[in-house]
Amino acid sequence: MYQADQLALPQPSKIVCVGRNYAAHAAELGNEVPAAPLLFMKPPSSITYLPKVMIPTQQGECQHEVELAVLIGQPLTAATPASAQTAIAAVGVALDLTLREVQSQLKAQGQPWERAKAFDGACVLSSWLTSAELALDQPLQFGLEVNGQPRQQGDSRLMIFPIAELLAEVSQSFSLVPGDVVLTGTPAGVAGLAVGDELQLWLQPADSGSSAWQWQGQVAAGRG
């Protein structure tokens, strides 16, 4: 496993996030499945790395959304899915932390979601796995346990928009550059976090009996 600075890539210019890429998650929040990827961004200031997990404690419930994260290694502009696949430098897992009550209020007012999803610490990343450790074009499973109890489990084969197609679609609207991170959507099971919660995130090939890579974290109080 590698930290970002060990991969000789710049710090991300942006974190591109994908909403409602799993039908079951869209259903649990009462949302329609989108006809095209629903995109939003987090700034680089939102990034923290496991085991550090910081949540605001004065703005209502902060929910976890575990996601497969993709690290971009080559520029992508108006890319095809095939070229997008070759631009993946590494994969990992992430938490898209969300102030759900704040988000609901913003949605009701027709406003963007940044106040709910782009705060300091809202993008929690694991270390990265490269092609030296697993094939980056194979189906992957990932998940989250909280205090020893399973909360979320995802499988890239269940994505509405598969990873290579998703990256190509993103690049039609704006370029991805080396160091950028794409969060590919969360499966069902989102729920609130509390200060002191012990987290375990994991990632493994979907068609293999191999052991999973695992990362730990503990939730602490952040700003706000």
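Trainee: Why does R20 count as buried?

Mentor: Buried means under 20% relative accessible area, exposed means over 50%, and partly exposed is in between, using a 1.4 Å probe and protein chains only. R20 has 18% relative accessibility, so this residue counts as buried. Before we go on, this is a predicted model, in which local features need pLDDT of at least 70 and side-chain atom pairs count only at pLDDT 80 or more, while totals for chains, interfaces and linings use all residues. Residues are numbered from 1 along each chain as its sequence is written, and side-chain values use heavy atoms, with hydrogens and water left out.

Trainee: What is the phi of R20, and where is the place of R20?

Mentor: Its phi is near 60°, a positive value in a residue other than glycine. R20 sits in the loop between β1 and α1 (23-28). A78 is not a glycine either, and has a positive phi of about 50°; its loop runs between β6 and α2.

Trainee: What makes up the secondary structure of the protein chain?

Mentor: There are 5 helices and 15 strands. Both are DSSP runs numbered from the N terminus: helices are H or I with at least four residues, and strands are E with at least two.

Trainee: How do you know that the radius of gyration agrees with a compact globule?

Mentor: The radius is taken over C-alpha atoms, and the globule rule is 2.2 Å times the number of residues to the power 0.38. For 224 residues that rule gives a value near 17 Å, and the protein chain has 16 Å, so the two agree. The C-alpha atoms fill a box of roughly 45 × 40 × 30 Å along the principal axes, and buried residues make up 52% of the chain.

Trainee: Which residues touch the most other members of the largest nonpolar core?

Mentor: They are V91, L97, L167, L199 and L203, in a core of 46 residues. A nonpolar core is a set of buried Ala, Val, Leu, Ile, Met, Phe, Trp, Tyr and Cys residues joined through side-chain atoms within 4.5 Å. Among the elements that each supply at least two residues of this core are β7 (88-96), α5 (163-173) and β14 (198-205). Apart from it lies another core of 16 residues, including W113 and L125.

Trainee: Which residues of α5 are buried?

Mentor: They are I163, A164, L166, L167, A168, V170 and S171. Leaving out residues up to four places away in sequence, L167 touches V70, I72, L76, A84, I88, L176 and V182, where contact means heavy atoms within 4.5 Å.

Trainee: Why is L125 called buried?

Mentor: L125 has a relative accessible area of 1%, so it is buried. L125 belongs to strand β9 (residues 123-125). Beyond four places in sequence, its contacts include I47, Y49, V93 and V181.

Trainee: And why is Q204 buried?

Mentor: The relative accessible area of Q204 is 18%, so Q204 is buried too. This residue is in strand β14 and, not counting residues up to four places away in sequence, touches L140, Q141, S210 and A212.

Trainee: Which residues does a cis peptide bond join?

Mentor: That bond joins L50 and P51, with omega about 15°. P51 is in the loop between β3 (47-49) and β4.
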